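Subject: Handover of a structure

Dear colleague,

I am pleased to hand over the structure shown below, together with an account of what was found in it. Please read the notes with the structure open beside them.

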Amino acid sequence: MMQLVCAMDLSGGQVVHGCSGNRSSYTPLTWGLSPTAEPVGYLKAIRPRYLYVADLDRIAGTGSHDEMVLGFAGLVDRCYLDRGCLGPGDILRAPFIENVIGTETAGPDLSGFCGGYLSVDVKEGRVVPTGEDPVALLSRADAMNIDGCIYLHITAVGSSSGIDPGEAGRIRSATDLPLLYGGGVRGEEDLGILHDAGFDGAIIATALHTGAIPLDLIRRGVFC
């Protein structure tokens, strides 16, 4: 079984719709399945089992949604949280939170982190900010003191661009750690590609709100 994770980008206290990493253009997600972009109301409407949160304000160094995210306890089984960790001291500890260490903010030296998921943040096929091949970084992840990885195709976020089976296989084969995929998932066919490639989870948002992926799947939290 492959875990299905609902993505939630937070900015200014609202759920916003991300597209290709152009954060200045993100607007509140008012057109989807939830009648509100207020995060708690959004979660109560969608009722996902698993959640991925990108605190865009904290990633940009302009604010924080920590208190709000801690209030999600009881609404989801697990919350993968990218809050722009610069170092091990930025980890937010709570029983339901799986901290995400994004290469975008943590930079090239990841040796100090213990546990959590490494997010290999990719734009135009290269890791941000080092510019290396993401497969090269994933191939070193097994030797790191982390629990798993996320391949986050930032360029494809919100684009419904689809998944290439060959590329999915190349990425998955790079590490034996649990691996989630995010960015560009178009529908159930793409979920099947990721499942067949051996991914442990898929992070979705746009395909859910357009109806390409049924709401009951994100509520069950699994695809098999």
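Two strands are said to pair if DSSP finds at least two bridges between them. Please note also that this is a predicted model.

Strand S1 and its partners

The account begins with strand S1, which spans residues 2–11. Of the 10 residues of S1, 9 are buried, so the strand is largely enclosed by the rest of the structure.

S1 pairs with several other strands, as follows.

- Strand S12 (residues 222–223) runs antiparallel to S1, with 2 bridges between them. Here Gln3 has Val222 as its bridge partner.
- Strand S11 runs parallel to S1 and is joined to it by 4 bridges. Gln3 is partnered by Gly201 in S11, while Leu4 is partnered by Ala202.
- Strand S4 is also parallel to S1, and 5 bridges link the two. Within this pairing, Cys6 has Leu51 in S4 as its bridge partner.
- Strand S2 is antiparallel to S1, with 3 bridges between them. Ser11 has Gln14 as its bridge partner in S2.

S1 and S2 form a hairpin with 2 residues between the strands, and in this hairpin Gly12 adopts a positive phi near 60°.

Strand S11 comprises residues 201–204. In a regular strand, side chains alternate between the two faces of the sheet.

S10 and S11, together with helix H7 (residues 188–197), make up a β-α-β unit that is right-handed.

Cavities

How many cavities of 30 Å³ or more does a search of the whole structure find? The search finds 2.

The largest cavity has a volume of about 440 Å³. It is lined by 35 residues, of which Ala7, Asp9, Tyr52, Leu152 and Val157 are the closest to its centre. The elements that contribute two or more residues to this lining are S1, S2 (14–17), S4 (50–55), helix H2 (56–60), S11 and helix H8 (206–209). By class, the lining of the largest cavity consists of 20 nonpolar, 10 polar and 5 charged residues.

The second largest cavity has a volume of about 30 Å³. Its lining is made up of Ile101, Leu110, Phe113, Leu118, Met144 and Ile146. In this lining, 6 residues are nonpolar, with no polar and no charged residues.

Ser119 lies in strand S7, which spans residues 117–123. Why does Ser119 count as buried? Its relative accessibility is 0%, and buried means under 20% relative accessible area. The side chain of Ser119 makes a polar contact of 2.6 Å with the side chain of Asp121.

With kind regards

Technical notes. Residues numbered from 1 in each chain as written. Predicted model: local features only at pLDDT ≥ 70, side-chain atom pairs only at ≥ 80, totals over all residues. Heavy atoms only, no water. Buried < 20%, exposed > 50% of the residue type's maximum accessible area, 1.4 Å probe, protein only. Right-handed = clockwise from strand over helix to strand, strands pointing away. 1 Å grid on protein atoms, 1.4 Å probe; cavity = no way out; pocket = protein on both sides within 12 Å on 5 of 7 lines; lining within 4 Å. Points joined across faces, edges and corners; volume = space filled by probe spheres on them. Nonpolar A, V, L, I, M, F, W, Y, C, P; charged D, E, K, R; others polar. Polar contact = N/O pair within 3.5 Å; in protein donor to acceptor, adjacent residues only side chain to side chain.
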